Amino acid sequence: MNKEELLNGLNEKQKEAVRYLDGPLLILAGAGSGKTRVLTHRIGYLIESGVAPWNILAITFTNKAAGEMRDRVDGLLMARTAQQVFVSTFHSMCVRLLRYDIDRLGYQKDFTIYDTDDQRTLVRSCIKALGLDNKMYRDRAVLSIISSAKNEMTDAESYTDSASDFYERNVAKIYTEYERQLKASNALDFDDLLIKTVQLFRRFPDVLEKWQERFRYIMVDEYQDTNNVQFEIVRMLADKYRNLCVVGDDDQSIYKFRGANIENILSFERTFPGAKVIKLEQNYRSTRSILNAANQVIRNNKGRKEKELWTENEEGELPVYREYETAAQEADRIIRQASEAAAGGRSLKSQAILYRTNAQSRLLEEKCIERNIPYIIVGGVNFYQRKEIKDIISYLRVISNDVDDLACQRVINVPKRGIGQTTVNRVTAFAVQNNISFYAALTRPENIPGIGSAAKKIRTFTDLIEEFRRRIREGGTDLRGLIEAVRDETGYAEELKKEDAVTAETRLENIEEMINKAVSFEADRAARLGIEAVLPEPGTDEIFTAEENGEDLLEEFLEELSLVADIDRTNDTDDVLTMMTLHSAKGLEFDTVYLCGMEDGLFPSAASINAEDPEAEIEEERRLCYVGFTRARKWLNLSSAKERMVNGETRYMKVSRFIDELPDDAAEKHFRSKRNAGESFRGFGGYEGRMEHSLGSTSFGSSYGSSYASSYGGRDDFGSRPGDREAYNAYNGFSSRMIGNFGSLDRTPVRSGRGSKGAKGLSGLSGISKGFGNAGGAVKQKPDYGPGDRVLHIKFGTGTVEEVKEGAKDYEVTVDFDTAGRKRMFAGFAKLKKV
DNA sequence: CTCCTTTGTCTTTTT
DNA sequence: GACAAAGGAG
């Protein structure tokens with residue numbers, strides 16, 4: 001596309017942003033204002049203006065955003081040109097840079113990246129090694145202190161100097177030990193990836209200059225979410241040419257908890273004098289009603305950049321808010337509503353359910369399974385954090401990096417080889433004493449005092465590892481072969497099969513999926529190397545010389561695994577209902593959005609309400625709410641429940657203040673309690689609101705049952721057993737509510753005893769179907785069972801197949817379940833297991 | 001050394 | 001209610 005074409009169809013502001021190429025530029029882009037379009041067209045415009053594609057750096061926050069941007073650039077330019085633009089996340093970019101020069105900081109170039117789990121394990125072992133009480137020093141708490149310190153670029157030494165009390169002095173010791181062990185394992189944590197890059201730039205100006213020359217035009221997406229270290233990286237890189245374009249929206253800053261500093265965007269003009277500011281305020285996504293509601297909520301925040309989003313889109317329907325009695329009812333209604341909408345022509349994939357916390361997904365998932373609705377849960381338990389996947393990855397890490405002690409300790413006895421804690425402790429002691437790595441100690445077990453017969457078992461392990469190393473080094477295997485070897489030759493698969501059949505099979509399927517991932521990674525990599533082969537080496541005019549060897553392949557694969565989140569794996573071809581947290585939803589859009597759990601203490605979170613500075617934290621929650629509202633194109637459904645199980649205890653919830661902040665004419669509100677129709681919750685401020693609320697609910701079952709039903713088209717199942725419910729409320733509800741109201745308000749626990757083990761949770765059973773379990777099933781496949789066969793369903797248990805019928809999209813199966821009765825379901829989604 | 005039971009913590013969000 | 005860590009029995 002030429003320059004002219006790149007400007008076609010853009011509004012004046014957008015055009016201005018695309019054309020403004022040199023010098024600092026801040027684009028304040030409201031939700032749905034065509035931000036990605038502007039960014040990608042700007043890249044195209046730069047290239048059309050004669051800038052070499054490899055001189056352009058575009059930084060995003062997620063791999064998904066990076067991929068999307070790359071695809072869109074692809075659509076504008078010649079494929080080859082597009083691929084030479086460096087589009088990347090902060091973290092991956094830093095890894096790339098560090099792989100070149102980190103040896104100058106005393107690391108080996110094949111460093112490993114420790115994820116959150118690894119970090120916790122490491123911190124715990126530091127606490128133990130220092131002889132500190134792990135009740136006093138909790139790994140999570142310590143880790144968050146360390147992480148914030150790192151985000152302020154405070155290293156262990158200066159943290160120690162500034163430690164003022166006993167606790168901090170011990171944390172300082174842990175921090176120091178943590179850093180020492182990381183270094184010894186040639187490992188970096190997430191924060192290090194950024195920090196080491198800054199250090200490298202500061203201490204080696206030639207390195208910095210090399211990259212400044214390479215990245216003459218820099219663009220940063222979601223700039224409001226950058227933290228101090230990321231800011232510093234950008235500042236330094238842009239320092240020479242000052243061609244920095246940042247895009248962001250202060251109203252969508254939602255990552256303060258992980259160090260994002262909203263000041264970065266608020267003070268951009270001060271930091272980069274002479275910066276041009278362009279505001280994109282026209283929204284192309286949502287109806288006027290939805291936008292109005294979003295604006296009404298966000299206007300309650302102070303200290304934002306002045307702007308108001310507007311649209312030429314039609315008015316549309318008012319957002320609807322509904323209050324439900326329990327979280328289960330809320331979930332059930334939403335799922336039903338979504339499936340009815342789907343039946344009425346709105347596809348499932350055009351709808352999304354958003355919530356504040358991952359824990360809320362469980363109920364929704366359960367209802368989907370009950371109603372046989374294909375769904376996808378984005379985020380939550382990360383695929384790569386599952387036991388079997390982490391086990392395999394740990395093997396790969398040991399194979400790739402022989403000083404990765406953590407990975408080694410994880411798999412030394414997986415599958416069980418009779419190497420227990422005692423032996424591990426002895427090996428560790430020996431390694432520490434001789435200042436060698438854990439693995440190195442394993443290679444000479446006969447030197448370890450008191451090791452006895454364990455030496456032979458250790459030998460079995462190291463022999464295996466050495467063999468795997470030999471194969472990959474000599475190119476005797478590809479990734480697929482290596483993973484299969486780890487799975488089969490270590491006895492891992494065999495041990496898995498000793499678990500119950502369903503779990504074992506799912507775990508094996510997950511490993512299979514990981515193999516698929518490896519195969520496509522290898523293919524992509526080959527293509528990428530081809531492209532890079534024509535790029536000039538940074539700092540020189542020479543061409544990259546990509547040396548092909550198996551060890552690099554493995555390292556790169558591991559790197560990819562440690563930097564991708566589950567969200568990157570979404571696939572939009574299947575017609576499935578999407579569920580995710582508000583955070584994950586940023587940057588996405590759907591025709592219909594259900595935003596559930598609109599309750600004070602959940603959203604805004606209790607933590608924000610009780611924070612030292614509630615004002616500020618609630619503002620962040622409000623921005624999150626704004627993000628949620630603005631995901632919707634046409635229909636926005638808000639809901640809350642009065643009763644919800646949180647942390648294993650039933651809590652009585654108050655309607656979210658964000659609902660109160662919505663004027664009555666901005667949304668159609670339906671409350672459960674007996675209250676004049678249309679009357680909002682305003683006026684019931686503070687905690688008295690809950691009192692009113694509770695009293696209102698005593699009239700349950702009778703007055704409200706019927707009136708409510710009518711608003712729902714008469715298909716209300718709430719009042720199905722009013723007697724039961726009333727009794728329950730009178731007994732259970734009343735007492736808890738009293739506690740709730742007169743005690744310490746919202747958070748008073750109503751302790752329920754440890755429940756029976758019988759009702760195992762959905763995720764406990766599956767642990768696995770969550771996420772991407774091929775819900776929706778892209779390909780129709782004949783089931784391996786037929787009438788008369790006994791099958792197992794994840795929720796309904798065992799049953800007998802009555803009929804298998806071929807449908808248009810999938811096979812339809814009728815099963816008579818032993819306890820749940822007769823159900824009809826799609827085979828692809830139900831994932832029945834023959835037993 | 002392994003398996004099983006008990007206890008404690010967690011929930012804010014994620015690269 | 002789920003999960004991980006610690007504790008205890010064989």
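User: What do the buried residues of H2 pack against?
Analyst: In this predicted model, the buried residues of H2 pack against helix H1 (3–7), E1, helix H3 (35–48) and E8. Helices (H or I, at least four residues) and strands (E, at least two) are DSSP runs, numbered from the N terminus. Buried means under 20% relative accessible area, with exposed over 50% and partly exposed in between (1.4 Å probe, protein chains only).

User: Which residues of H2 are buried?
Analyst: They are Gln14, Ala17 and Val18. Seen down the axis of H2, these buried residues fall within an arc of 100°, so they line one face of the helix. The arc is that of the directions from the helix axis to the C-beta atoms.

User: And where does H2 lie?
Analyst: Helix H2 (residues 12–19) lies across strand E1 (25–29) and E8, and runs at about 145° to E8. Axes are lines fitted to C-alpha atoms, for helices over the stretch in contact (heavy atoms within 4.5 Å). Angles run from 0 to 180 degrees between N-to-C directions.

User: In what order do the strands of the open sheet come?
Analyst: The order of the six strands is E3-E2-E6-E7-E1-E8, and their pairing is parallel. Two strands pair if DSSP finds at least two bridges between them. Strand E3 (86–89) and strand E8 (276–280) stand at the edges with a single partner strand each, so one side of each has no neighbour in the sheet. On average, neighbouring strands here are turned by 15° against each other, direction ignored.

User: How many bridges link E2 and E3?
Analyst: Strand E2 (residues 56–60) pairs with E3 over four bridges, in the parallel sense. Ala58 has Val87 in E3 as its bridge partner. Helix H4 (residues 63–76) packs on the sheet, where it touches E2 and E3, and its direction makes about 160° with that of E3.

User: Changing topic: how many residues does the largest nonpolar core have?
Analyst: That core has 51 residues, and Leu442 and Phe461 are among those with the most contacts inside it. Helix H23 (residues 454–473) gives the largest share, eight residues. A nonpolar core is a set of buried Ala, Val, Leu, Ile, Met, Phe, Trp, Tyr and Cys residues joined through side-chain atoms within 4.5 Å.

User: What does Leu442 touch?
Analyst: Leaving out residues up to four places away in sequence, Leu442 touches Cys408, Ile412, Val427, Ile458, Phe461 and Thr462. There is also a second, separate core of 47 residues, which includes Phe61, Val95, Tyr107 and Val229.

User: Is strand E17 mostly covered or uncovered?
Analyst: Strand E17 (residues 632–646) is mostly covered, with eleven of its 15 residues buried. Strand E11 (residues 320–326) runs parallel to E17 and is joined to it by six bridges. Strand E15 (residues 590–595) is also parallel to E17, with five bridges, and Leu595 stands opposite Leu638.

User: Where is the hairpin?
Analyst: E17 and E18 form it, with two residues between them, and Asn647 in the turn has a positive phi of about 50°. Four bridges join E17 to strand E18 (residues 649–652), and the two run antiparallel.

User: What is the average pLDDT of chain A?
Analyst: Chain A averages 82, and 84% of the residues score at least 70. pLDDT is the predictor's confidence in each residue, from 0 to 100. Over residues 675–778 it is below 50. Where pLDDT is low, the predicted coordinates should not be read in detail.

User: What conventions apply?
Analyst: Residues are numbered from 1 along each chain as its sequence is written, chains are lettered from A and ligands numbered from 1 in the order in which they are written, and side-chain values use heavy atoms, without hydrogens and water. Local features need pLDDT of at least 70 and side-chain atom pairs count only at pLDDT 80 or more, whereas totals for chains, interfaces and linings use all residues.
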